Amino acid sequence: MLANMVPDSEWIQRTNDELRDYHFMLSEIERLQGILKDENKAIVRASKERKQKRLRKLQETVKRIEHAANTITDEREKTVLDSIMDGEKNNIIARQIGVSRQRYYEIKRSVINKMATLMYGTDEEDLR
């Protein structure tokens with residue numbers, strides 16, 4: 001059923017942004033966890049609650065990305081996806097998999113469409 005779904009352009013943009021920021025999100029989760037675990041650091045209650053809320057949101061986004069990423073089966077698409085999630089540049093990824101930039105963008109578009117459908121085309125409760 002999901003394979004026939006055409007993702008909404010908002011889903012595509014959101015997915016593209018989240019994949020681009022994935023590497024940053026992992027670092028930010030680690031940073032926030034460190035701040036919140038440091039008992040010697042005095043954190044104002046409102047600031048602590050804000051950091052906890054932000055941490056939960058980042059963790060949910062990472063979980064959604066990883067869940068969808070685990071369903072990608074094509075090896076080239078996996079390589080493109082992993083490289084995007086690692087923060088590599090588009091031209092480097094294209095060279096890495098040995099294709100033209102145009103072909104790379106076709107593969108990337110396919111991955112983003114699949115990921116968008118998987119991440120936002122289902123009820124979010126299914127991903128928890």
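Does Thr15 count as buried or exposed, and what is the relative accessibility behind that label? Thr15 counts as buried, because its relative accessibility is 0%; here buried means under 20% relative accessible area, exposed means over 50%, and partly exposed lies in between, with a 1.4 Å probe and protein chains only. The model is predicted, so local features need pLDDT of at least 70 and side-chain atom pairs count only at pLDDT 80 or more, while totals for chains, interfaces and linings use all residues. The protein has 5 helices and 0 strands, and along the sequence its pattern reads α-α-α-α-α. Helices (H or I, at least four residues) and strands (E, at least two) are DSSP runs, numbered from the N terminus. Of the 128 residues, 33% count as buried. The accessible surface comes to about 8600 Å², and carbon and sulfur atoms hold 46% of it; these areas come from the Shrake-Rupley method with a 1.4 Å probe, and for residues only the protein chains shown count as cover. Among contacts (heavy atoms within 4.5 Å) with a separation of 6 or more, 68% join residues 24 or more positions apart.

Helix 5 can now be followed from end to end. This helix covers residues 101–120, 20 residues in total. At 1.5 Å a residue, the helix should span 28 Å, and its end C-alpha atoms lie 27 Å apart, which agrees. The expected span is 1.5 Å times one less than the number of residues. Buried positions in helix 5 are Tyr104, Ile107, Lys108, Val111, Ile112, Met115, Ala116, Thr117, Met119 and Tyr120. An α-helix has 3.6 residues a turn, so residues three or four places apart point the same way. The buried residues of helix 5 pack against helix 1 (9–37), helix 2 (45–69), helix 3 (75–85) and helix 4 (90–97).

The largest nonpolar core holds 28 residues. Such a core is a set of buried Ala, Val, Leu, Ile, Met, Phe, Trp, Tyr and Cys residues joined through side-chain atoms within 4.5 Å. The residues with the most contacts inside this core are Leu19, Ile65, Val80, Leu81, Met85, Tyr104 and Met115. Helix 1, helix 2, helix 3, helix 4 and helix 5 each give two or more residues to the core, and helix 5 gives the most, with 7 residues. Ile65 shows what such packing looks like: leaving out residues up to four places away in sequence, Ile65 touches Glu18, Leu19, Tyr22, Met25, Met85, Met115 and Met119.

The structure also holds 1 aromatic pair. Tyr104 and Tyr105 form this pair, which is edge-to-face, with 5.1 Å centre to centre and 65° between the planes. Rings of Phe, Tyr and Trp (its six-membered ring) pair if their centres lie within 6.5 Å; planes under 30 degrees apart count as stacked, over 60 as edge-to-face and the rest as tilted. Tyr104 counts as buried because its relative accessibility is 0%, whereas Tyr105, at 36%, counts as partly exposed.

Helix 1 brings the opening residue back into view. Thr15 lies in this helix, and its side chain reaches the backbone oxygen of Trp11 at 2.7 Å. A polar contact is a pair of N or O atoms within 3.5 Å; within protein, one must be able to donate a hydrogen and the other to accept it, and residues adjacent in sequence count only if both atoms are side-chain atoms. Not counting residues up to four places away in sequence, Thr15 touches Ile112, Met115, Ala116, Met119 and Tyr120.

Asn16 is in helix 1 and is partly exposed, with a relative accessible area of 24%. Beyond the residues up to four places away, Asn16 touches Lys108 and Ile112. Asn16 and Asn113 are 97 residues apart in sequence, yet 9.2 Å apart in space, C-alpha to C-alpha. Arg14, also placed in helix 1, is partly exposed with a relative accessible area of 38%. Leaving aside neighbours within four places, Arg14 is in contact with Arg64 and Tyr120.

Notes: Residues are numbered from 1 along each chain as its sequence is written. Side-chain values use heavy atoms; hydrogens and water are left out.
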